[in-house]
Amino acid sequence: MRIKPTFVSGVALAAAAALLLSSCASDRGGNANGTSGDGVFVFAGSADPVSLDPALSSDSETSRVTQQMFEGLVGYAEGSAEIEPKLATEWTQSEDGKSFTFKLRENVEFSDGTPFNAEAVCYNFDRWYNWTGPLQGQNISNLYQLIFGGFKTSDDPALTDGLYESCSADSEHEVTIHLSRTYGNFVQSLAIVQFAMQSPTALEKYAADEVAVDGGDVRFGEYATKHPTGTGPYVFESWDNGQQITLRANENYWGDKAKTERVIIKFIADPTARVQALQSGEIDAYDLVAPADIAALSGDGYQLLNRDPFNVLYLGMDQATPELQDVRVREAISYAIDKDALIAQTLPEGSEAATQFVPPVVAGWSPNAKGFAHDPEKARKLLAEAGQSDLTLDFYYPTGVSRPYMPAPEDLFVALRTQLEAAGITVNGIPQKWSPEYLETTKAKPGHGLYLLGATLIINAPETLGIFFSGPNVEWGMDNPAVFEAVGSARLEMTPELSAKAYKEAADLISTVIPGVPLAHVPVTVALAAGVSGYVPSPTGGEVWNTVSVK
């Protein structure tokens, strides 16, 4: 049957802090009073990317940069969460639902001159499928595992039953991806930058998948730090670690050429410093604007653009921690939290209390999921029943970073600690730098107690549930076959509509298991200097900046 390009969603990104103002003029080739000028757009990110190989990352700081250089077969339409043709112009699905044939855009080259064609597509899909050893670590190939499930070979039996089966180059500009089973949201999933196409020539020339003899991390190799090569509107120029990344316009880009000669992503971690950087003219834009700064920036003539909330902030509970294996303890923690107070104290205006791990606008959100009204006395009773009246838990939280769903992690921790202690739960706060410590702890180290994380939806479907709960993983430490079966069945439906129906049933079950506490869905504000035009905010946070110009 023929499938027209369908429409979908996702979300992601972060924010800013400060560098020396004296560097402004030399870095930007412009002035110090509002915009860079001279064809340079400067955006403030909150931290360095983990890697510039999009396939080896799952964080939004990396995606912010890589989505300027890389494109997938499909992508997000400007300013929306709908998917549209990108490197593929159309696609069809087989009658059994397990094969997808894509017609590819012609006359496209990677930025190193390598032709984009069916063989290049197969090279990328086969590359992911054939990863071995350290490349199969959850902290490295996290999103591939969560979407595709497994690899061609693995020492871990759980990683051998993958979704991908094979790829055939039917002609120079037609390719078919064969799956081992149906997956209703397959095409939608290909919109995320982790599944973007990369130059086979560059991947081989710079040994993208070779792990150093000394045990060095493949994410920090020569390809991923010096030679990332895609088909996007910008190409890599330089990376001054801890300071900034510079990209230049791709003169041979197949689509709308970039309106700026360069973009610079500066890394500014402190929320106050990012405001100062915008006011001084050091940067042209940043996101995750703090609620307290909105009125002042608006009054001073800065542009404020909103991304609609398309994310979830949650308090995770790692069940590899013995005390958290008892559902009564997890239920007590849920009753201990006052979401409305938390939002009023720590989150931007327009934030909504969450009842489950996807927002209400997503097909698959269930009106029947179990909720937990704030009730500290009930929390105490549940703890007593569980024999945990004197419960103490480690509580990990990130520092020096802002996320779209979590603009001020330290403030969230303080508010949650107060609420938990009011219900008789003592917390041992453990702050960690976001990257790599915090991400390594929560994604790769069992027994991390309570923790703060969130997610931007990668597609306009309840696929967050599939990513989180399709099987055992280190973050949740959960072993619940009933949940895994419910979520797995939802993913196997042939169409997005059937998948959404099944996901509602899975959401109801998850709400009784309580793997974590969904806290809020949070809007994101982008601040821009008055001279910036053409910036279109996306609910996915996946803005591509070729439309941006700076006066």
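**Stop 1: the cavity.** This predicted model holds 1 cavity of 30 Å³ or more. Rolling a probe the size of a water molecule over the atoms is a way to show where empty space is left. The volume of the largest cavity is about 50 Å³.

**Stop 2: the lining.** To see what surrounds the space, select Leu288, Val289, Pro348, Arg403, Pro404, Pro407, Val522, Pro523, Val524 and Thr525, which line the largest cavity. Colour them by class: 8 residues of this lining are nonpolar, 1 is polar and 1 is charged. Arg403 counts as the charged one, and Thr525 as the polar one.

**Stop 3: the two domains.** Now colour domain 1 (35–69 + 232–308 + 524–550) and domain 3 (311–522) separately. From which domains does the lining of the largest cavity draw at least three residues? Domain 1 and domain 3 each supply at least three.

**Stop 4: the disulfide.** Next, select Cys122 and Cys167 and show their side chains. These two cysteines form a disulfide, with their sulfur atoms 2.0 Å apart. A disulfide is a covalent bond between the sulfur atoms of two cysteines. The count for the structure is 1 disulfide. Look along the S-S bond of Cys122 and Cys167: the angle about it is -75°, and the link is left-handed.

Stop 5: Are Cys122 and Cys167 buried or exposed? Both are buried, having under 20% relative accessible area.

Key:
Residues numbered from 1 in each chain as written. Predicted model: local features only at pLDDT ≥ 70, side-chain atom pairs only at ≥ 80, totals over all residues. Heavy atoms only, no water. 1 Å grid on protein atoms, 1.4 Å probe; cavity = no way out; pocket = protein on both sides within 12 Å on 5 of 7 lines; lining within 4 Å. Points joined across faces, edges and corners; volume = space filled by probe spheres on them. Domains from an automatic or database assignment. Disulfide = S-S within 2.5 Å. Buried < 20%, exposed > 50% of the residue type's maximum accessible area, 1.4 Å probe, protein only.
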